[in-house]
Amino acid sequence: MSTAVEHVAIRPDWTCGACGDGTPWPCAPAKVQLSEKYSKSDGDLLIHLAVCMWEAFDDGLCAVVQRQQPIPPDLRTRFLDWVVRPLISGRSNAA
Ligand SMILES: [Zn+2]
């Protein structure tokens, strides 16, 4: 791993501490760093991001107050879709 600045989330706002200016985490560099860190297991990356998403949900990042509500699509898109979509398209390409 390089000595590059690590792009980590600042809670409870879930903005990137390295990018500043309120950039939502995971920012583009964070996605690269996470992809490198979890390069041997997409499943572990997905689990890590799912936990982050739930923590963001818990931190009140979304407007939904009732816990019985499903995860809001914007949170799912922000935390998971950048990993899930390539996995799904890769799977369909392999078939
Ligand atoms: Zn960043």
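Me: What does the secondary structure of the protein come to?
Reply: This predicted model has 3 helices and 2 strands. Along the sequence the pattern is β-β-α-α-α.

Me: What is the mean pLDDT?
Reply: The protein averages 84, and 81% of its residues reach 70 or more.

Me: Which element has the lowest mean pLDDT, and which the highest?
Reply: H3 is lowest, at 79. Helix H1, residues 28-37, is highest, at 96. Where pLDDT is low, the coordinates should not be read in detail.

Me: OK. How much of the protein is buried?
Reply: Buried residues are 15% of the 95.

Me: Which residues form the largest nonpolar core?
Reply: There are 7: Leu49, Cys52, Met53, Ala56, Leu61, Phe79 and Val83. The largest share, 4 residues, comes from H2. As a general point, nonpolar side chains in soluble globular proteins tend to be buried together.

Me: Tell me about H2. How many residues, and what end-to-end reach?
Reply: H2 covers residues 42-58, so 17 residues. From first C-alpha to last, H2 reaches 24 Å. That is close to the 24 Å expected at 1.5 Å a residue.

Me: Which residues of H2 are buried?
Reply: Leu49, Cys52, Met53 and Ala56. They sit on the same side of H2, because they cover an arc of only 105° around the axis.

Me: And what does the face turned away from the buried side carry?
Reply: Exposed residues: Gly43, Asp44, Ile47, Val51 and Asp58.

Me: What follows H2?
Reply: Glycine 60, with a positive phi near 80°.

Me: Trp14 then. Where is tryptophan 14 found?
Reply: In the loop between S1 and S2.

Me: Why does tryptophan 14 count as partly exposed?
Reply: Tryptophan 14 has 19 C-beta neighbours inside 10 Å. A residue needs 20 or more to be buried, so tryptophan 14 counts as partly exposed.

Me: Which other residue has a positive phi near 55°?
Reply: Aspartate 21, also a residue other than glycine. Aspartate 21 lies in the loop between S2 and H1.

Me: Is aspartate 21 buried or exposed?
Reply: Exposed, because aspartate 21 has 6 C-beta neighbours inside 10 Å. Glycine 22 is in the loop between strand S2 (15-16) and H1. Glycine 22 counts as exposed too, with 9 such neighbours. Its C-alpha is 9.6 Å from that of isoleucine 10, 12 residues apart in sequence.

Me: Switching to peptide bonds. Which residues does a cis bond join?
Reply: Arginine 11 and proline 12, with omega about 5°. Proline 12 is in the loop between strand S1 (9-10) and S2. The bond from tryptophan 25 to proline 26 is cis as well, with omega near 5°.

Me: Where does proline 26 lie?
Reply: In the loop between S2 and H1. Leucine 34 touches Pro26.

Me: What else does leucine 34 touch?
Reply: Leu45, not counting residues up to four places away in sequence. The C-alpha atoms of leucine 34 and leucine 45 are separated by 7.3 Å. These two are 11 residues apart along the chain.

Me: Where is leucine 34 found?
Reply: In helix H1. Leucine 34 counts as partly exposed, because 18 C-beta neighbours lie inside 10 Å.

Me: Now H3. Where is aspartate 81?
Reply: Aspartate 81 is in H3, residues 73-94. With 13 C-beta neighbours inside 10 Å, aspartate 81 is partly exposed.

Me: How far apart are aspartate 81 and leucine 46?
Reply: They are 9.6 Å apart, C-alpha to C-alpha, and 35 residues apart in sequence.

Me: Last one. What share of contacts join residues at least 24 apart?
Reply: That share is 38%, among contacts between residues at least 6 apart in sequence.

Notes:
Residues are numbered from 1 along each chain as its sequence is written. A residue is buried if 20 or more other C-beta atoms lie within 10 Å of its own, exposed if 12 or fewer, and partly exposed in between; C-beta atoms are placed from the backbone. pLDDT is the predictor's confidence in each residue, from 0 to 100. The expected span of a helix is 1.5 Å times one less than its number of residues. The arc is that of the directions from the helix axis to the C-beta atoms. A nonpolar core is a set of buried Ala, Val, Leu, Ile, Met, Phe, Trp, Tyr and Cys residues joined through C-beta atoms within 7 Å. Two residues are in contact if their C-beta atoms, placed from the backbone, lie within 7 Å.
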